[in-house]
Amino acid sequence: MSHFSLNKGVLHAETVSLPAIAEQFGTPAYVYSRSALEGALQEFLDVLNAHPAGADALVCYAVKANSNLAILNLFARMGAGFDIVSGGELQRVLAAGADPQKIVFSGVGKTAAEMKQALDAGIFCFNIESAPELERLNEIAGQCGKKAPVSLRVNPNVDPKTHPYISTGLKEAKFGVAYDDALALYRRAAALPNIAVAGIDCHIGSQLLDPAPFVEALDRVLVLIEQLTAEGIQIHHLDLGGGLGIKYKDDQVQPTVVSYLTPLLDKLAGRGLKVVLEPGRRLVGNAGLLLTRVEFLKPGEGKNFAIIDAAMNDLMRPALYEAWHDILPVVPRVGSTPAYDVVGPVCESGDFLGLARPLCLAPGICWL
Ligand SMILES: *Cc1c(COP(=O)(O)O)cnc(C)c1O
């Protein structure tokens, strides 16, 4: 994470010292590196631009990864589109300057009001996740006098080998349409008066460090596209979802975007399909930090606690699925490093940001 590094013994975000930010804005505070954000998106754009199958591609940032308006605005200005899952996210991306024609709408629970809102905005595509959702969209589009562009989110039943909470493409998942049902549902979509079949999509999971499951999923989706084409149902774009992982610990190897995309793009060359991607975590996950202050140290018989002014409501991932975030002091000190449970003030035992971390602390500021 070269955008956050020590300079004269003090951690900096790019060229700005973190204690200066804490002093000016208070803690807890999220701090983002604009150059890290730009670099992460640019890595995708460069690989796509350099490949014949990626020329017309669209990168739709998955807003759930971080919906900060300044981040959305930065990505919009770089030409990105957005993958949204609610009417609220639609409002946010439009407020941040998104081009409606670059918005895809995912999610298993779209309400009638959200569908109308997205039809009025004129989004690029609805990613449909079930048969009743397709029927509802047809009905709402009819009321609005519009034809809704759709893609079916197909569940390729591929194991992404990641945490069960972020594994989304197995047949027992709540997401998407079962692979074996997809053909029939496309026939239904093609027959509905207020629906326009536009594409196909899949998203198999998150934090994938091995590109192989992406290739496996693509192979299965390509078989479906060929069956659809043979039936005269034209697919214009292929949305491969997000899921590319990032490095959380120093000993992890972060896969490159080129190693992830090249095998996929190679398979798509000459097929005339517009490629859509929905990266989330990969664009933002290592581009920010949570600046927080140690309020009290509470040594104990079995455990030492460092009580900080940030909590599970600021960063829920450790409490939700024991996700790991590095915890570093802003001004590293020399001394003994007892193991601390780094906890917030919320009245829940699950309110921790890290457990048993060897840290040399004094009340002051630490960094996540
Ligand atoms: C979460 C999600 C993404 C983004 O996944 P990342 O692992 O953050 O890249 C993309 N598409 C859909 C439908 C999602 O649910």
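This is a predicted model: local features need pLDDT of at least 70, side-chain atom pairs count only at pLDDT 80 or more; totals for chains, interfaces and linings use all residues.

Modeller: Residues are numbered from 1 along each chain as its sequence is written, and side-chain values use heavy atoms, with hydrogens and water left out.

Colleague: How do you know that β1 pairs with β2?

Modeller: Two strands pair if DSSP finds at least two bridges between them. Here 4 bridges join β1 to β2 (residues 10–13), and the two run antiparallel. Leu6 stands opposite Leu11 in β2. Strands are DSSP runs of E, at least two residues; helices are runs of H or I, at least four; both are numbered from the N terminus.

Colleague: Why do β1 and β3 count as edges of the sheet?

Modeller: The 3 strands form an open sheet in the order β1-β2-β3, with antiparallel pairing. β1 (4–7) and β3 (16–17) each have a single partner strand, so one side of each is left without a neighbour in the sheet.

Colleague: What makes Lys8 worth a remark?

Modeller: Most residues other than glycine have a negative phi, and most peptide bonds are trans. Phi of Lys8 is near 50°, a positive value. Lys8 sits in the loop between β1 and β2. The peptide bond between Thr27 and Pro28 is cis, with omega about -5°. Pro28 lies in the loop between α1 (18–25) and β4 (29–32).

Colleague: What makes β19 a partner of both β14 and β16?

Modeller: The bridge rule again. Between β14 (residues 288–299) and β19 (residues 364–367) there are 4 bridges, running antiparallel. Val294 stands opposite Gly364 in β19. β16 (residues 328–329) is joined to β19 by 2 bridges, also antiparallel. There, Leu328 stands opposite Trp367.

Colleague: How do you know at what angle α2 and α9 cross?

Modeller: Axes are lines fitted to C-alpha atoms, for helices over the stretch in contact, and angles run from 0 to 180 degrees between N-to-C directions. For α2 (residues 34–49) and α9 (residues 257–268), the axes come within 10 Å and cross at roughly 35°. Contact means heavy atoms within 4.5 Å. Glu43, Phe44, Val47 and Leu48 of α2 meet Val257, Val258, Tyr260, Leu261 and Leu265 of α9.

Colleague: Which residue classes make up that contact?

Modeller: Ala, Val, Leu, Ile, Met, Phe, Trp, Tyr, Cys and Pro count as nonpolar, Asp, Glu, Lys and Arg as charged, and the others, Gly among them, as polar. The contact of α2 with α9 has 8 nonpolar, no polar and 1 charged.

Colleague: Why is one space called a cavity and another a pocket?

Modeller: On a 1 Å grid over the protein atoms alone, a cavity is a set of points where a 1.4 Å probe fits but cannot get out; a pocket is an open set with protein on both sides within 12 Å along at least five of seven lines. Lining residues have an atom within 4 Å of a point. Grid points are joined across faces, edges and corners, and a volume is the space filled by probe spheres set on the points. The count comes to 1 cavity of 30 Å³ or more. The largest cavity has a volume of about 40 Å³. Cys202, His203, Ile204, Phe214, Ala217, Leu218 and Leu240 line it. The second largest pocket has a volume of about 260 Å³.
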